[in-house]
Structures are given as structure tokens and as C-alpha cells.
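Here are my notes on this one, as numbered points. Have the coordinates open while you go through them.

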Amino acid sequence: MALRFDYALRNLTRRPMRTALTAASSALVAALLVATVAFVRGLEQSFTRASQPDVVLLLARVSEGDLLRSSVDAGLAAVVQAAVPGVRVASDEIHLSSNVELEGHAGARAAMVRGVTPAAYLVHDAVSLSDGRLPGPGELLVGALAARQLNVPKDAVAIGARVRLEGAMHTVVGHFVAPGTAIEAEMWTPLEPLRGLARRSDSSVVFARIDPAIGSGPMQLFCDRRLDLELTLRSSEQYYADLAAYLAPIRALALALAAMVAAAAFFGGANTASAAVQDRLRELAALRAIGFGTLDLARSLAQEALLLGSVGALVGLWAARAFIEGGAIRLAMGAFTLQVDGVAIAVATFATLFLALLGTLPAVWRVARLPIAAALAEDS
């Protein structure tokens, strides 16, 4: 003999305020878990999506992998393309952390600026022009997340907007997208004018696309032979993996927050389930007396918890999709988007339902040890 499902459903309607508050707590848990998973995945994918298996980087040996500290000879890309077999295209670039001033917005703002040649658009597959055109001297191509990185409205970097960079006014002539990567937080401008404005006679790095059939062996040999250039070779995958590892403490903090939310949800759910059992001691004892076993009552409590958890999870996922999807997080070196994808939804849903079930265990234990005669004799 088993309790019918509508018994659990009716019990939820008997105390509407408690039911509503419990469902709201489940919704909050689901929304927070979605946000946390979206943050962690966005942080990881902002670098992994930028990596390309057939692209390598040439950096200064003393830079320790930091593009902002790296300094290589100007025009190194042309030398590499001519001297190294298997190099399809090479891009000389300057990576600069600069303070920019936007017309109509007071104060200087930190921006990531990249000086590029036309070869850069052939090397970086993730980048595509979304509107406008490629920049010439005194012009800028702005990434989709640059406004978020600068903490200004999007119209501040709209086409035609004026930006003071390294003491010279520049005009925004286009926008680019590089979905899911930190590149979207950058501003791109022609290399040689930026070199002059920054008073640099060097470049920061050379990105080179190589023939996969030949591999990076010839490029490594070039670095080993040209000791005067003091170069180090890094694969694109290795470089972006190192960047992701550098941000591991931030990821760990986000996961710790998720664990704290889960713990709070468990204790809250356990307390609610125990309170519900306390309010229904005589009723549960009567059910035990007429032949329903502990397993039947435990199944009914689990059904109540799953119903509330499911409703809460749906509300929380809807709220997360409405308010989190497409949002951007700003970091010192750029920004990345939050994606409420299938993984985030699955993790949040499973965790919310699992915590709802887990929270019933203390109540089930109490029901299992329920002294029937004493419970029936209690005053209601």
C-alpha cells in the first residue's frame, strides 16, 4: 500500500506561505548556481576559444609570457615569414595597456589597445567585423565588450565616437566580435601610427599561423639559432591555458561560493522539512498506525521536496536566463560574457533537486523513529 501522489500535492497547499518561501529559496539557489557556473565557464572559455592549434607566438624571452612586458624587433613578422618554412602568415602586434579619454565622458579609463597590421585579421580567426570598416591611421576598431571594460554606455564607443589615445584623437570606425573570448574587450588600431604615438621602436609579439603538416619545429629552430633576438616560442593553446591558470584563484572563489550556497540550501531545506514533520506528527503517526510504512512516508516527503524544488528551479532558471544571459564581467585585462548554456542549466537543475531531496533526510530519519503511541497522544 502506497500513498497517492495527490496526498503530497495537497500537503503543499495546506501551508501556502511556507510552500511559497521554500519554492522561492529553491529558485534563489538555482539562479545563484546558474550564475556561478556561467561565470566559471565564461572565464575558462574566454581563453580556450581564443586559442588556435595552428597559431604560435614569438615573445621576448624575459617577458615570462606577458604580452604587455614583451618586446621583439619591429618587422620580425616579415623576417619570420621569409626565413621559416611552413609559416602561412605572421602578424606583428603591439599590445598596450593605455589610458583613454572618451568624448563626453570625464576622466581617463584603462583600455586594452592592440596595434595590428592587415595580417592580424588572417591570423585571429575568432575576430570578425560586425559593422563599420577596418581602421586606418587615427581610427579605431572596437570590440563588442570594450564598452563594458571601460564602464561606459555602448553609445560612447559607437561609430563616429571620438577617443583620445596616447595624446591623439581617434575616431571609431567599426566594431568587431570574437564570441566567447577576452579579445572582444580590446580596441584595435593600425600598428605603425600606434608605434609612433607610444614612442616605441619595437613590437610586443608576433602571432604566426603555421602549416599543421610541418608543425612548429622550424619555428623553434629559428628561435634557437637567432640568439641575438632572444625569443621564446609558445603555442597559442599553451599561452591561453597559462592565462586561464593565472585566474584559477578567481575560479576557486566562485566554486567556494557555490559550495556555500549549496550548504545553506541543504540546512534550510532540512530545517523546513523537519518543521513540516513536527507540525504533522499526529497525522504521520496515524498513517503509520493504519499500515503505511516508513518508506511510504519517506516517498511522500521526497515527492513534496521534488515538487517544490522543480518549481523553484524553473523560476530560478527563468530569472537567470532573463537577467544573466549575455551579461559581461569586467576584469583588469578585459571582459567576458556570461553564457547560460546547457551545462549551466543542467548543473543548476540537478543540484537544486538533489539538495531538495537531501534536505528531507533528517525528516525521514525522524519519521522512521516516530513513536506512534506517543505521537498520537500529543495535543494538536
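**Notes on the predicted model**

1. Let's start with helix α7, where the buried residues are M219, F222 and C223. Looking down the axis of α7, those buried residues fall within an arc of 95°, so they line one face of the helix. Keep in mind throughout that this is a predicted model.

2. What do the buried residues of α7 pack against? Their partners are the strands β1, β3, β11 and β12, plus helix α3.

3. That brings us to α3, which covers residues 76–83 and has L76, A77 and V80 as its buried residues. Seen down the axis of α3, they sit within an arc of 100°, so here too the buried residues line one face of the helix. On the other side of α3 you'll find A78 and A82, and these are exposed.

4. The buried residues of α3 pack against α7 (217–225) and a set of strands: β1 (55–60), β2 (72–73), β3 (87–102), β11 (205–210) and β12 (231–235). If you're colouring by element, α3 is a handy place to start, with β2 listed among its partners.

5. Now for a helix pair. α11 (residues 294–323) and α12 (residues 342–358) pack with their axes 8 Å apart, at an angle of about 150°. Angles over 145 degrees count as roughly antiparallel, so that is how α11 runs relative to α12. The crossing of α11 past α12 is right-handed.

6. Who makes that contact? From α11 it is A302, A305, L306, G309, S310, A313, L317 and R321, and from α12 it is I345, A348, T349, T352, L353, A356 and L357. By type, the residues of this contact divide into 10 nonpolar, 4 polar and 1 charged.

7. While you're on α11, have a look at D296, which is found in that helix. Is D296 buried or exposed? Its relative accessible area is 13%, and under 20% counts as buried, so D296 is buried. The C-alpha atoms of D296 and R4 are separated by 9.5 Å, although these two residues are 292 residues apart along the chain.

8. Last, the overall picture. The chain's secondary structure comes to 14 helices and 14 strands. Of its 380 residues, 49% are buried. Among contacts with a separation of 6 or more, 79% come from residues 24 or more positions apart.

Conventions: Residues are numbered from 1 along each chain as its sequence is written. This is a predicted model: local features need pLDDT of at least 70, side-chain atom pairs count only at pLDDT 80 or more; totals for chains, interfaces and linings use all residues. Side-chain values use heavy atoms; hydrogens and water are left out. Axes are lines fitted to C-alpha atoms, for helices over the stretch in contact, and angles run from 0 to 180 degrees between N-to-C directions. Helices (H or I, at least four residues) and strands (E, at least two) are DSSP runs, numbered from the N terminus. Angles under 35 degrees count as roughly parallel, over 145 as roughly antiparallel, 65 to 115 as roughly perpendicular and the rest as oblique. A crossing is left-handed if the near helix is turned anticlockwise from the far one by less than a right angle, and right-handed if clockwise. Contact means heavy atoms within 4.5 Å. Ala, Val, Leu, Ile, Met, Phe, Trp, Tyr, Cys and Pro count as nonpolar, Asp, Glu, Lys and Arg as charged, and the others, Gly among them, as polar. Buried means under 20% relative accessible area, exposed over 50%, partly exposed in between (1.4 Å probe, protein chains only). The arc is that of the directions from the helix axis to the C-beta atoms.
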